[in-house]
Each structure stands twice: as structure tokens, then as C-alpha cells.
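Dear colleague,

Below is the structure I said I would pass on. My notes on its side-chain contacts follow.

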Amino acid sequence: MPSLKAIRKRISSVKSTQQITKAMKMVAAAKLRRAQDAAMAARPYADKLGALVRNVAARVGAEAHPLLAPRDDVRTIRVLLVTSDRGLCGGYNANLIRMTEAFLTEHGRERVRLTIVGRKGFDHFKKRDVQITDKYIAIFGGPGHDLADAIGRDLAREFAAGETDAVYLIYSQFRSAISQVPTLERLLPLAAGSTDEEGTEYLYEPDAASLLERLLRQYVTVLIHRTFLESNASFFGAQMTAMDSASKNASEMMDRLTLQMNRARQATITTELMEIVSGAEALKG
């Protein structure tokens, strides 16, 4: 059995760790509120813009723009993987990396090139046999609209030029503070869709093709930006949950150590009493 001093030292260490995990939980909860509001606010705009793009594309035709044209032979694939720069967030990054590994196995590592946002994803794949085209790590304040616009223009240019036959997004979709879903979505080619059910006629200025060109570029940026917002909210939700679990585990560990310390102290007192009684009996004899 460890000594009383060792047990007290360990209790003090666990208590200090619990204070840190509680502080990290509070910080994550405060940031989660802002990140969740931003993610929720972006969804209606992205959905409405997507419906508008599909409606215009259905009238113009999928062959009118290269970003809408599906490829019969998919030889090269680009994947945008969004992880976090930091850990201490449970299985948040591990689930995304596992999904990416499964995608690479399914489609062939030699056909897939990765664009990675977040240090955790880059640290994992830089040691593996996979092509990393771009990486964006240690971004102050997290990835934002400017980065989404830059990545979107690069992905769209490469797809339109025929250098890539498909583009996918792998990120964590936010559902709640305790639920984040690793998600795989196809970004390019975009789905043309169908016209609205009412069959409304629109007047296009300057023309439908020019409008579609502008909308498609903007839609790609919006989808990537929404991916960043969903990932940001998911990260803070996962971190808050992980720190809450760590705080509870620390409390349970302190209870066990306190019980162990009381038993050790009781054993010490019993031993000392027995030594005193034995000494007194020896003096009588």
C-alpha cells in the first residue's frame, strides 16, 4: 500500500487537473454558444442559395457549366478534410481521420489528393502514403470566409480544367453539444437538380448563363464556409463534453484515493496502538 504522503500528493495532483478540466469546459461552453449560433445562421442561407442554383441550372442545363458536368471516368479525386488544430476533444479528430482512411482505401490512395485544414489531420497523414496538396494549420481564430473563398476558387479552377474529376468534403456536422456526426459530402460536380414545382418563369439579367456562373462560384465558397462553421461548433461541443467527462472522472478518482488514504491512516493508527499496548504489557512483565 502506498504511503500517506504519496496518496496525499496524488490527491493534490488530481485536484489540480480537475481545476484545469473545469476551466477548459467553461471556456469551451462559452465559445460553443457563439460557434453554434454562427453554424445555425449559415444553414438557411446555404440551403436557399443551393435551391436557387439548382433551379437556374435545371433551366440552363448541366452541360452549360463545367462545375455541373459529371465525369464518366473518375481518375483523380480531391478531398478537403477539416480537423482541429488542438486535441482534448474526445474522438472528434479520430473519427474524421478514420472516415478519411476508409475513403482512401475504397477509392485508392494513388487517386486521391488531400487538402487538410487543421494540425491533427496533417500530423496523421504526413506520415502516411498519401498525397497532400495543401495544408492550413495553426490559423488564428480558426478558418474563416477568406480561406473558404481561396480554397473554393482553387478547387473550382482545378475541376473546371479537368485536373480533378471529383471533390469531396469530410468534416463533422454539428447536431448538439453531445452529438457531432462525421460527414462525407460530394462538393463537385454540383447537382443540377430540377426546376421549382410551381414552374415560375424568371427574368435573368444579364442572362441565365452569366448568373449561373456567378452563383456557382459563390455557392462553392458558401458550402466550404459552412463546413468550417459546422466543424468549429462540433469541436467546441466535443471538447466541452470531453472536459466534463474528465472532471467527473477526476472526482471519482479523488473519492477512491480519499478512501484509500483513510484506510492507510487507520492502519497506521492501529499499528501504533498495538505497539503502545505491547510496550505496556512488556513493562508489566
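**Charged pairs and aromatic rings**

Asp149 and Arg153 are joined by a salt bridge, with 3.3 Å between the closest N and O atoms; the term stands for a side-chain nitrogen of Lys or Arg within 4 Å of a carboxyl oxygen of Asp or Glu. Both residues belong to helix α4 and are 4 residues apart, about one turn of the helix. Helices (H or I, at least four residues) and strands (E, at least two) are DSSP runs, numbered from the N terminus. Asp149 is partly exposed at 26% relative accessibility, while Arg153 is exposed, with a relative accessible area of 52%. Here buried means under 20% relative accessible area, exposed over 50%, and partly exposed in between (1.4 Å probe, protein chains only). Elsewhere, salt bridges with shared partners link Arg78, Arg113, Asp134, Asp154, Arg157, Glu158 and Glu163 into one network.

This is a predicted model: local features need pLDDT of at least 70, side-chain atom pairs count only at pLDDT 80 or more, and totals for chains, interfaces and linings use all residues. Residues are numbered from 1 along each chain as its sequence is written, and side-chain values use heavy atoms, with hydrogens and water left out.

The whole structure holds 16 salt bridges. One of them pairs Asp165 with Arg71, the closest N and O atoms being 3.1 Å apart. Asp165 is in the loop between α4 (145-160) and β4 (166-176) and Arg71 in the loop between α1 (4-60) and β1 (77-82), so this contact ties together parts that are 94 residues apart in sequence. Asp165 is buried at 5% relative accessible area, and Arg71 is partly exposed at 23%. The charged end of Arg71 also sits over the ring of Phe159, 4.1 Å from its centre (the criterion is NZ of Lys or CZ of Arg within 6 Å of the ring centre and within 35 degrees of the ring normal).

Glu101 and Arg109 form another salt bridge, at 2.4 Å from N to O. Glu101 is buried, with a relative accessible area of 18%; Arg109 is partly exposed at 26%.

As for rings, the search gives 3 aromatic pairs. Among them is Phe235 with Phe236, edge-to-face, at 5.3 Å centre to centre and 65° between the planes. Rings of Phe, Tyr and Trp (its six-membered ring) pair if their centres lie within 6.5 Å; planes under 30 degrees apart count as stacked, over 60 as edge-to-face and the rest as tilted. Phe235 is buried at 4% relative accessibility, and Phe236 is buried at 8%. Together with Tyr92, Phe235 and Phe236 make up one aromatic cluster.

Regards
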